[in-house]
Every structure is written in structure tokens, then in C-alpha cells.
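Dear colleague,

Please find the structure below, followed by an account of what was found in it. Kindly read the account with the model open beside you.

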Amino acid sequence: DYIESPSGFTVLPSTCTSSSSLGYDFSGEWGSCGSGNEELSNPSDVAVDAMSNVFVCDRNNHRISKFTNDGTLLLQWDGDGENQFNDPVSVAVDYYSGEVYVLDHGYNRIQKFTNNGHYVKTIYHQGSDPYAISVGGYNLYVTDYTGNCVYLYPLDGSNYTKWGTGIAGNSSNQFNHPTGIFADVQTGKTFIVDNGNHRILAYGTYNNNQWGTKDRKSVVRER
């Protein structure tokens with residue numbers, strides 16, 4: 001049986017299996033609503049580096065917060081000078097270099113930082129509705145929600161490849177509002193949440209360009 005809460009929401013039965021019996025335990029939480037240090041407002045994404053530091057995309061505060069894995073705030077930054085964040089939606093960390101990539105929806109771009117938040121370069125997104133970012137191998141992967149595409153950018157920003165037809169569909173080379181994405185550094189496979197088709201798509205290796213088009217165009221600005 002289900003339990004009716006006082007607010008009217010249906011919740012799981014009280015006999016549900018505890019997390020500890022499944023082999024994992026709740027280990028803590030941090031953050032509260034606000035704009036002060038250690039506070040968050042509509043956090044939209046999280047990434048972890050090889051040292052287990054946690055990077056949080058604090059969307060409404062237009063900043064990135066870096067924490068230890070037990071929630072101690074290490075630093076916060078809000079972009080590069082006049083090019084500060086405007087609606088950052090996603091963050092990714094290069095497992096090997098530790099460099100941080102922030103997908104800035106409002107300015108339609110990717111900004112690259114050192115692990116300690118120092119600005120390195122900007123890569124301009126070639127779609128119009130960036131949703132999520134992942135980094136794997138020598139490439140960045142960005143889902144474009146209304147563009148029904150995935151964009152692949154080499155880390156040097158020298159060119160880009162567009163995956164998908166740009167028209168919503170359900171074949172193996174089409175997307176319908178793609179959202180989450182993850183490039184697996186262990187297998188070289190890329191996993192994409194194809195939201196509108198209620199499926200997960202997995203593709204080849206990092207440099208598998210068997211579908212999509214490549215445009216030899218520089219999209220990078222460096223300081």
C-alpha cells in the first residue's frame with residue numbers, strides 16, 4: 001500500500017528497502033537556497049575531478065562553486081570579466097588535465113578554466129540552445145535541445161562536427177530534444193539522453209564521425 005502525505009502527495013510505503021541494505025549509505029548534504037557563500041540557487045549540474053573535488057553549476061547565481069567531496073567550499077567564480085556567466089547550465093571536468101568547461105546558455109558559448117577557476121579560452125557554440133556538456137578524449141560534446149543535434153568540439157576549438165539532422169526524428173542518426181550527455185573516458189563511447197524519444201543512444205568512439213557533418217571553422221577566442 002501507499003501512504004498519503006498531509007500535503008496530498010503519494011509517497012512510497014514505509015516498508016521500502018533502506019539504502020544501507022542495498023550496499024550504499026547516505027553520506028551528507030550541503031547547500032541552501034541563497035546567493036551567499038556555500039549557498040546555491042537552482043543548481044543545474046555537477047562534475048567531479050580526479051581528486052574528488054565537486055564542481056557545481058549554480059545557475060541562478062551565475063557562478064561555479066568548487067567543493068571538497070564532503071562539502072567544504074574551496075572557491076567560487078563567475079566567469080571572465082565582461083564575459084561573466086549568463087545562465088550557466090552545465091559543467092564538465094577533463095579527467096586527465098583537471099580543466100573545467102562551463103556551458104553558458106545565455107551567451108551561447110563554452111568557457112574553459114583551470115581547475116582553480118582561471119580563465120583560459122572561449123569556444124562559441126554553433127547551435128542556439130545548448131543544454132549539457134561532457135568532455136572525453138580530445139573533444140567536448142554539447143547537446144542542443146531545440147536544435148535536435150549534438151555538437152563535437154575539439155579541445156583546441158579549431159573546428160566542429162554536428163551530429164544529427166537538425167530535424168526531430170527517431171532514427172539512429174536523429175534526436176528529439178536531446179538533454180544529458182556523457183563521454184566515457186574508459187570505453188570511448190558517448191551516451192546521449194534522447195528525451196523526446198524516451199531512449200538512451202550510445203555511439204562508437206571519440207573520433208567516430210560516421211554520421212554528421214564537419215565544418216572547418218574556428219570557434220575559439222583565447223586571451
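**Findings**

F191 belongs to strand β18, residues 190-194 (strands, of at least two E residues, are DSSP runs numbered from the N terminus). This is a predicted model, in which local features need pLDDT of at least 70 and side-chain atom pairs count only at pLDDT 80 or more, while totals for chains, interfaces and linings use all residues. Residues are numbered from 1 along each chain as its sequence is written, and side-chain values use heavy atoms, leaving out hydrogens and water.

F191 counts as partly exposed because its relative accessibility is 30% (buried means under 20% relative accessible area, exposed over 50%, partly exposed in between, with a 1.4 Å probe and protein chains only).

N197 sits in the loop between β18 and β19 (199-203). Its side chain reaches the backbone oxygen of G169 at 2.7 Å. Beyond its neighbours within four places in sequence, N197 is in contact (heavy atoms within 4.5 Å) with G169, N170, F175 and N176.

The largest nonpolar core has 15 residues, of which Y101, I110, I133, L140 and Y153 touch the most other members. Such a core is a set of buried Ala, Val, Leu, Ile, Met, Phe, Trp, Tyr and Cys residues joined through side-chain atoms within 4.5 Å. At least two of its residues come from each of β9 (88-93), β10 (100-104), β13 (130-136), β14 (139-144) and β15 (149-154). β15 gives the largest share, three residues. A second, separate core of 13 residues includes L75, W77, F85 and V91.

Note on methods:
Helices (H or I, at least four residues) and strands (E, at least two) are DSSP runs, numbered from the N terminus. A polar contact is a pair of N or O atoms within 3.5 Å; within protein, one must be able to donate a hydrogen and the other to accept it, and residues adjacent in sequence count only if both atoms are side-chain atoms.
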